[in-house]
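Subject: A structure for you to look through

Dear colleague,

I am passing on a structure that I have been reading through, and I would be glad if you opened it before going on to my notes. Please keep it on the screen while you read.

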Amino acid sequence: MMDCIRANELMPWYANNNLPSEEAWLIADHLVNCPACREELRWIIRMAREHQADLEQMPGLTERTWNKVVARTRGLPVVQVNMGHSLLGLSLRVLVEGRGIPMRGDLFLLGYRAPLFAFEAV
Amino acid sequence: MPEDNFLLSEIAKGDPDAFSELYDRFAERVFRYALTLLRDRQLAEEVAQETMVCVWQGAGKFSGRSQVSTWIFGIARKQAHNLLRQETKCKRLFPEATTLPDPADVVESKYQVLGAVEALPPEQREIVFLTFYAGLPYREIANLLDVPEGTVKSRMYYAKRKLAEMLR
Ligand SMILES: [Zn+2]
């Protein structure tokens, strides 16, 4: 049997649907017969929602952080633009970083790759 | 939508798309977690940056014993504490200096709940964030903070009581 004290202790995680199922069942059982704990649950859910909404209204991370992370993690090629043609195996490949910053280009000559340019976005 | 675990295993193989996806899922939450701990926007951005770089470099070391989110928040926590130590040494950080509004002023404003959470002691504030915003089970929080599960529950219990006094 679960009492109000124990139910209260676990309620925030019950509200979040984050309890192991055996504990969740015990609380659900308790709630059926306990109006005080049902009121507590309603209050926690309301507060959790408002807390989340408040936090999400605060200004978040800027694009600058992503750019710095990219620059420090190999200049990840996310979008690839093929610009060359296959005449004599010559092709130019420009790798464009996923959020719009060109990172590097490669010249392919008869299947051999020659780096053309590379720069970091900060 | 791919699972976090799957993304992490792809990142360990060097997949940039997987990293981009994981960044979108976590960077913002890491930033807000750091902001909760440090109350300084610039430092919180630094923590977010360092954490995501660590995720890229250390994805292969994830053991799978915890949720991916717990692992990432754990990295962020370590980064935040390192920064805090450095900053305290340099005396650049004022522990209560903040980008968030003063709790006393916000109780009447639209950020009522956030203002009340801000007024809690740091260790209670952290539990509230990890439970309500990050959505972690209490076992994962205990794991992350390296404290007994009972400590997590009692910190939340007292946090709830104070919030009720301020908000109800
Ligand atoms: Zn009850």
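What follows is an account of what I found in it, beginning with the two chains and then moving to particular places. Please bear in mind throughout that this is a predicted model.

**The two chains**

Chain A has 122 residues, of which 39% count as buried, and its secondary structure comes to 4 helices and 4 strands. If you follow chain A from the N terminus, its elements run α-α-α-α-β-β-β-β. Chain B, with 168 residues, has 54% of them buried, and it is built with 9 helices and 0 strands. When contacts between residues at least 6 apart in sequence are taken, 64% of those in chain B join residues at least 24 apart, while in chain A the corresponding share is 28%.

**The zinc ion**

In chain A you will find a zinc ion, which is coordinated by the SG atoms of Cys4(A), Cys34(A) and Cys37(A) and by NE2 of His30(A), at 2.1 to 2.3 Å. The angles among the 4 donor atoms are 101 to 119°, and the site is tetrahedral. Along the sequence, the donor residues follow the spacing C-x25-H-x3-C-x2-C, and two of them, His30(A) and Cys34(A), are both buried.

**The nonpolar core**

The largest nonpolar core holds 80 residues, and the members that touch the most others are Leu8(B), Tyr33(B), Phe73(B) and Leu130(B). Its largest share, 13 residues, is supplied by helix α2 of chain B, which covers residues 16-38. As a general background, nonpolar side chains in soluble globular proteins tend to be buried together.

Leu8(B) belongs to helix α1 of chain B (residues 4-12), where Leu7(B), Leu8(B), Glu10(B) and Ile11(B) are buried. These four lie on the same side of α1(B), because they cover an arc of only 160° around the axis. After α1(B) comes Gly14(B), whose phi is positive, near 95°.

Not counting residues up to four places away in sequence, Arg32(B) touches Leu55(A), Glu56(A), Met58(A), Pro59(A) and Gly60(A) in chain A, together with Phe129(B) and Tyr133(B) in chain B.

Glu126(B), which lies in helix α7 of chain B, is likewise buried, at 5% relative accessibility. Its side chain makes a polar contact of 2.5 Å with the side chain of Tyr33(B), a residue already mentioned for its place in the core. With neighbours within four places in sequence left aside, Glu126(B) is in contact with Tyr33(B), Leu37(B), Arg77(B) and Leu145(B).

Helix α7 of chain B, residues 122-133, also contains Pro122(B), which is partly exposed at 47% relative accessibility. Although Pro122(B) and Leu37(B) are 85 residues apart along the chain, their C-alpha atoms are separated by 7.0 Å.

**Two loop residues with positive phi**

Which loop holds Arg39(B)? Arg39(B) sits between α2 and α3 (41-58) of chain B, and its phi is positive, about 55°, although Arg39(B) is not a glycine. Asp146(B) is not a glycine either, and it has a positive phi of about 60°; you will find Asp146(B) in the loop between α8 (138-145) and α9 (149-167) of chain B.

With best wishes,
A colleague

Terms used:
Residues numbered from 1 in each chain as written. Chains lettered and ligands numbered in written order. Predicted model: local features only at pLDDT ≥ 70, side-chain atom pairs only at ≥ 80, totals over all residues. Heavy atoms only, no water. Core = buried A, V, L, I, M, F, W, Y, C linked by side-chain atoms within 4.5 Å. Buried < 20%, exposed > 50% of the residue type's maximum accessible area, 1.4 Å probe, protein only. Arc of directions from axis to C-beta. Contact = heavy atoms within 4.5 Å. Donors = N, O, S within 2.8 Å, 3.2 Å for Na, K, Ca; no water. Tetrahedral: all angles 85-135°; square planar, octahedral: opposite > 155°, others 65-115°. Polar contact = N/O pair within 3.5 Å; in protein donor to acceptor, adjacent residues only side chain to side chain.
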